Amino acid sequence: MRKPYVILIGSASGIGKSTIAAEVAKSLNIKHLIESDFVRAVVRGIIGKEYAPALHSSSYDAYKHIRNKNRYENYEELVSAGFDDHASYVIPAIEKIIQRAITDYDNIVIEGVHLVPGLINTEQFEDDANIHFFILSSDEESHKERFVKRAIQIHRGGKQLDFFRENRIIHDHLLNQAQSNNVRIINAGSIEETLDNILSTIHKSCTNINLTNSIDELEDVVNIIINDNNGTIEKVTYNIKGFKEPLIRNINVHDTQSAKKFIKTITENKDKREYLSQLYELSKYREFKICTSNPEKLDQIIQELQNKGYVLNE
């Protein structure tokens with residue numbers, strides 16, 4: 001039997017995970033879409049408040065029920081610990097849902113703040129399912145804008161906005177956990193860009209293409225691949241004259257934010273620019289591994305690079 005898809009999308013409140021999860025389910029024709037908030041509601045009905053006060057609090061103020069708060073060095077650690085305690089009651093039920101989906105060979109998308117990398121054990125399902133775990137991120141300004149909009153929509157504006165700092169701490173905590181547990185972080189830009197980045201990981205249409213662009217043309221190459229077509233650059237290989245083995249650089253530029261950071265580093269850091277210039281001089285071409293969400297977009301990128309004269313003609 002085929003392995004079913006299990007797609008987990010987590011983030012702090014107000015990042016846009018519910019919207020993205022719905023788009024992912026729609027794009028992949030997955031009928032089962034579950035919010036962890038609903039799972040939490042069921043667990044609350046089983047475990048009373050007197051036994052689990054953190055569970056019956058919100059994720060952002062569960063820290064208030066932690067005993068011996070003085071053992072935490074700062075407020076960020078305290079909030080994160082309370083959040084983990086809150087999520088830990090929900091995660092076993094989520095794992096049971098995943099197991100049921102696998103048993104029934106059903107594809108499933110689960111989204112919610114309770115999907116904490118390192119706490120939810122996805123390794124136990126890897127032999128029986130195609131597991132894809134994503135954490136959505138956002139810069140603080142964009143997060144606050146979305147947070148305000150969401151707070152107004154759910155008619156809990158005052159309460160939600162009072163805890164924006166705590167939600168931002170949870171956001172950073174989830175990113176740290178994702179990095180520590182090799183979970184893919186996706187910058188929550190536009191719906192189309194975010195969806196493409198997720199689908200490109202799930203479906204991953206990739207190719208290697210030899211480019212002859214100059215250092216000054218590198219920004220244009222990155223724009224064509226990343227900004228214009230929502231592709232990703234996985235790695236660059238330099239075949240250097242006089243060396244038997246190529247030099248391989250894993251760069252993982254996968255969204256507009258990382259592309260901007262990459263170009264800024266090359267532009268403003270003289271040492272890195274000089275180092276890259278030397279690599280360009282020593283190699284006739286650079287082999288880029290690029291990936292997209294589908295073969296059609298991959299063909300579009302190649303065509304645009306060819307039109308600009310960046311592709312090596314052999």
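Modeller: A nonpolar core is a set of buried Ala, Val, Leu, Ile, Met, Phe, Trp, Tyr and Cys residues joined through side-chain atoms within 4.5 Å. Keep in mind that this model is predicted.

Colleague: Which residues have the most contacts inside the largest nonpolar core?

Modeller: They are Ile7, Ile9, Val24, Ile98 and Ile198, in a core of 56 residues. Ile and Val are both on the list of residue types that count, so these five qualify by type.

Colleague: What makes you say that isoleucine 198 touches Ile9?

Modeller: Contact means heavy atoms within 4.5 Å, so the pair meets that cut-off. Isoleucine 198 also touches Ile20, Val24, Phe134, Leu136 and Ile186. Residues up to four places away in sequence are not counted there.

Colleague: Which residues does the second core include?

Modeller: Among them are Ile240, Tyr280, Ile290 and Leu298. That core has 28 residues and is separate. In soluble globular proteins, nonpolar side chains tend to be buried together.

Colleague: How many of the residues in the chain are buried?

Modeller: Of the 314 residues, 47% are buried. Buried means under 20% relative accessible area, so that share falls below the cut-off.

Colleague: How do you know which element has the lowest mean pLDDT?

Modeller: pLDDT is the predictor's confidence, from 0 to 100, and helix H6 (residues 157–162) has the lowest mean among the elements, 66. Strand S3 (residues 108–112) has the highest, 98. Where pLDDT is low, the predicted coordinates should not be read in detail.

Colleague: What is the average pLDDT of the chain?

Modeller: The average is 92, and 97% of the residues score at least 70.

Key. Residues numbered from 1 in each chain as written. Predicted model: local features only at pLDDT ≥ 70, side-chain atom pairs only at ≥ 80, totals over all residues. Heavy atoms only, no water. Buried < 20%, exposed > 50% of the residue type's maximum accessible area, 1.4 Å probe, protein only. Helix = DSSP H or I, 4+ residues; strand = E, 2+ residues; numbered from the N terminus.
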